[in-house]
Amino acid sequence: MKTASNCTTAEILAGAIALGEAGDEQRHAYREHLSTCRRCLATIGGEREIERVISVVAQARDQEQWQPDVRRALARVPARRHGWRWGAGLAAAGALTVAILATQRHAPVVVRSVAVPDAAAVAALGTQTMPQREHRAESLAFTSAQAARATITFQVRLDERGKPTRCTIVRHSGRASLDAALCDAVMRAH
Amino acid sequence: MRSGLETCAAMDRTAIAQRRTEELVIEHQTKLARYLRRMVGDAEVALDLTQDVFLSAYRTLQADPARELRAGWLYRAATNAAISFMRRRKILHVLPLDRDLDRSAWRVDEHGAQSVDLQAALGRLPVEQTAALLMTSYAGYSSSEAAQILGTTADAVRQRVCRAMKTLRHVMNEDSLS
């Protein structure tokens, strides 16, 4: 007799057959179910059909040619440089960093308040040193010598060595000289 | 003096964490990145997420250098990262669906695999089914191991694999008709 719960059991059995985890008894139970259930026969198919379908995944895996190298960037970038570079840039601007939120194009927030151990890890794993990846530092509040307070949102484009190639002010501080000083410092901070 | 010792201990922790993370990277980067590439359908995103997983491993090891981190931990982190990426992309509609752009590359990889577009089929699946199918048939875990990683039961994994296969079969049949 065909019931929803029998079909659920049949799905579990079919999964076990696909993964090579089904014994004779389970295979027999699956065959029994198929003999009474047209729907499962049509949507899942027999054991041979299950094996044909699942083999596509194994074939795709075996023929995979993509060789990613997470470590490649690591070899090119000294581990501590990244954190210090930001520090140097901000110091050059005569600014006091309150917070830096660096965001990647795909991952919303990767690094908060770049501290040395974290920066070392980021550089070590190449997270921020991939070619042409955009970084955005936002909520960068700083105090100038005149104690003026400003928030500037800017984007920095880095090349494959982590060198800034372009700085764009996304949200202005209201003082052109401050914006220019920030971008100038960021571009020289390498 | 005490703060000096603490600094030394922190440096040690950092060095140990870096070394152990590097070992994990060397051993697992290819399989993990390939798994993520299949999950999200895009090589660049997969590489980003792979790096995030190792960065997260590094932080975990830095906090607790004695902690055992095995492949299962990495796959769990990778799966969670992929799921949240997929959900975010679905909600935001900001990022392009790179599957279409990447299609020719997949075809090269799958030349001879009965000419079926596995990636197109995976794109139609709920993310939990994709994870179950890839974790078992692609990454090589048993249903019980995959269940532990995914936080579910072995039977649920088997059922998700079966449901994923139904869609895959449908795509295969569509392909053979066209």
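Analyst: Buried means under 20% relative accessible area, exposed over 50%, and partly exposed in between (1.4 Å probe, protein chains only). By that cut-off, 53% of the 178 residues of chain B are buried. The model is predicted, so local features need pLDDT of at least 70 and side-chain atom pairs pLDDT 80 or more, while totals for chains, interfaces and linings use all residues. Residues count from 1 along each chain as its sequence is written, chains are lettered from A and ligands numbered from 1 in written order, and side-chain values use heavy atoms, without hydrogens or water.

Take its contacts (heavy atoms within 4.5 Å) with a separation of 6 or more: 66% of them join residues 24 or more positions apart. Chain B exposes about 8400 Å² (Shrake-Rupley, 1.4 Å probe). Carbon and sulfur atoms supply 53% of that area.

Now one helix pair. Helix 6 (residues 127-138) of chain B packs against helix 7 (residues 143-150) of chain B at an angle of about 135 degrees. Their axes, lines fitted to C-alpha atoms over the stretch in contact, lie 9 Å apart; angles run from 0 to 180 degrees between N-to-C directions. Helix 6 of chain B contributes B:Ala131, B:Ala132, B:Met135 and B:Thr136 to the contact. From helix 7 of chain B come B:Ser143, B:Ala146, B:Ile149 and B:Leu150.

Next, the core. A nonpolar core is a set of buried Ala, Val, Leu, Ile, Met, Phe, Trp, Tyr and Cys residues joined through side-chain atoms within 4.5 Å. The largest one holds 77 residues. Touching the most other members are A:Tyr30, B:Tyr35, B:Val40, B:Tyr75 and B:Val161. Helix 3 (residues 71-92) of chain B gives this core its largest share, eleven residues. Another core, of five residues, lies apart from it; A:Cys167, A:Leu182, A:Cys183 and A:Val186 are among its members.

Finally, chain A as background. It has eight helices and five strands. Their order from the N terminus is α-α-α-α-α-α-β-β-α-β-β-β-α. Of the 190 residues in chain A, 47% are buried.

Terms used: Helices (H or I, at least four residues) and strands (E, at least two) are DSSP runs, numbered from the N terminus.
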